[in-house]
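Welcome! Have a look at the model below, and then we can walk through it together, one question at a time.

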Amino acid sequence: MDRLRPRQRPAFSGFTKAEFEKLEKLLKESEEDLLSKEFCQKIARSFSSSAGRAGKPIIKWTEVQSWFQNRHRDSPSKVTSSTKMSKVEFVLPEACPLKKGHESSQEPIEGGEDGDHSVLEFEARSSKDGAWYDVELFLAHRFVSSGEVEVRVRFVGFGAEEDEWINIKRSVRQRSVPLEPSHCPKLKVGDLVLCLQERRDQAIYYDAHIVNIQRRMHDIRGCRCIYLVRYNHDNTEEKVRLRRLCCSPTFDTLP
């Protein structure tokens with residue numbers, strides 16, 4: 001995962017709820033070779049021509065095959081289809097400064113009607129590099145021996161080969177948003193932010209804390225302040241502009 005995490009969400013390319021239900025039914029009841037190219041092509045053509053996919057990208061047969069491969073690798077007794085994800089509590093860690101007294105508060109994020117989480121966007125921290133990436137799709141969830149919940153995540157801009165099992169409590173949260181010049185006066189030393197770390201070979205987002213702020217007069221170009229941040233994953237420090245910082249969507253509600 002060495003490319004810049006997209007800030008604009010691309011066209012949705014995953015399965016619909018109805019398609020997931022069909023795939024689950026096939027997994028349980030079909031006696032055909034679910035991984036064969038011919039079978040996956042048939043399913044992909046069926047999905048792509050359905051009324052429910054009108055206006056959406058067509059399904060590739062390799063996406064169908066990858067889904068069956070992933071499900072075969074997982075224990076059926078531990079893995080649940082994403083069509084039942086509404087039963088999982090999305091306990092999301094805060095991504096920005098919290099009001100005093102709420103540091104340990106972890107409220108489950110409620111979805112819309114019937115627990116629909118489609119109105120929310122999420123990001124997840126990859127175990128491969130510790131960076132945060134936008135979530136395209138929650139594929140499944142399972143309970144591990146510790147009793148905690150993990151979700152299988154498809155990242156925006158990446159294929160099935162980059163899917164990961166992620167601890168939902170520690171490494172999934174509501175998607176961060178870029179900070180605006182109007183947010184500058186609210187930022188203070190010690191605040192947790194999501195910062196774009198730019199290197200010669202990559203540019204990705206990591207959690208960081210603000211160590212120092214050089215306040216400067218804003219002008220027509222916006223915020224001119226300089227923020228010294230310390231990245232949490234490697235403790236390195238860097239001076240950055242506001243344009244490279246993101247924070248929780250609840251940031252505006254803080255005093």
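Q: In which sense do S3 and S4 pair, and over how many bridges?
A: Happy to start here, with a note on the model itself: this is a predicted model, in which local features need pLDDT of at least 70, side-chain atom pairs count only at pLDDT 80 or more, and totals for chains, interfaces and linings use all residues. Residues are numbered from 1 along each chain as its sequence is written, and side-chain values use heavy atoms, with hydrogens and water left out. Strands are DSSP runs (E, at least two residues) and helices are DSSP runs of H or I with at least four residues, numbered from the N terminus; two strands pair if DSSP finds at least two bridges between them. For S3 and S4 the sense is antiparallel, over 7 bridges.

Q: Which residue in the turn of the S3 and S4 hairpin has a positive phi?
A: The hairpin formed by S3 and S4 has 5 residues between the strands. In the turn, a positive phi of about 95 degrees belongs to Gly 147.

Q: How many of the residues of S4 are buried?
A: Buried means under 20% relative accessible area, while exposed means over 50% and partly exposed lies in between (1.4 Å probe, protein chains only). Val 149, Val 151, Val 153 and Phe 155 point one way from S4, Glu 150, Arg 152 and Arg 154 point the other way, and all are buried. S4 is therefore described as mostly covered, by the under 20% cut-off, and the count is 7 of its 7 residues.

Q: What is the bridge partner of Val 153 in S5?
A: S4 also pairs with S5, in the antiparallel sense over 4 bridges. Both faces of S5 are covered, with Glu 164 and Ile 166 buried on one side and Trp 165 and Asn 167 buried on the other. The partner of Val 153 there is Glu 164.

Q: Why does the pair of Phe 20 and Trp 67 count as tilted?
A: Rings of Phe, Tyr and Trp (its six-membered ring) pair if their centres lie within 6.5 Å; planes under 30 degrees apart count as stacked, over 60 as edge-to-face and the rest as tilted. By this rule there are 6 aromatic pairs. In the pair of Phe 20 and Trp 67 the ring centres are 6.2 Å apart and the planes are at 55 degrees, so the pair is tilted.

Q: How many residues apart are Phe 20 and Trp 67?
A: Phe 20 is in helix H1 (residues 17-29) and Trp 67 in helix H3 (residues 61-73), so the pair links distant parts of the chain. Phe 20 is buried at 2% relative accessibility, and Trp 67 is buried with a relative accessible area of 6%.

Q: What kind of pair do Tyr 133 and Phe 158 form?
A: Tyr 133 and Phe 158 are both buried. Their ring centres are 5.6 Å apart and their planes are at 90 degrees, so the pair is edge-to-face.

Q: Which ring does the charged end of Arg 142 sit over?
A: A charge sits over a ring if NZ of Lys or CZ of Arg is within 6 Å of the ring centre and within 35 degrees of the ring normal. Arg 173 lies over the face of Trp 132, 3.6 Å from the ring centre. For Arg 142 the distance to the ring centre is 4.0 Å, and the ring is that of Trp 165.

Q: Which side chain makes a polar contact with the side chain of Asp 207?
A: Asp 207 is in strand S9 (residues 203-214) and is buried, at 9% relative accessibility. A polar contact is a pair of N or O atoms within 3.5 Å; within protein, one must be able to donate a hydrogen and the other to accept it, and residues adjacent in sequence count only if both atoms are side-chain atoms. At 2.8 Å, the partner of Asp 207 is Arg 173.

Q: Where is Glu 238 found?
A: Glu 238 is buried, with a relative accessible area of 17%. Its side chain has polar contacts with the side chains of Tyr 231, at 2.6 Å, and Arg 244, at 2.9 Å. Glu 238 is found in strand S11.
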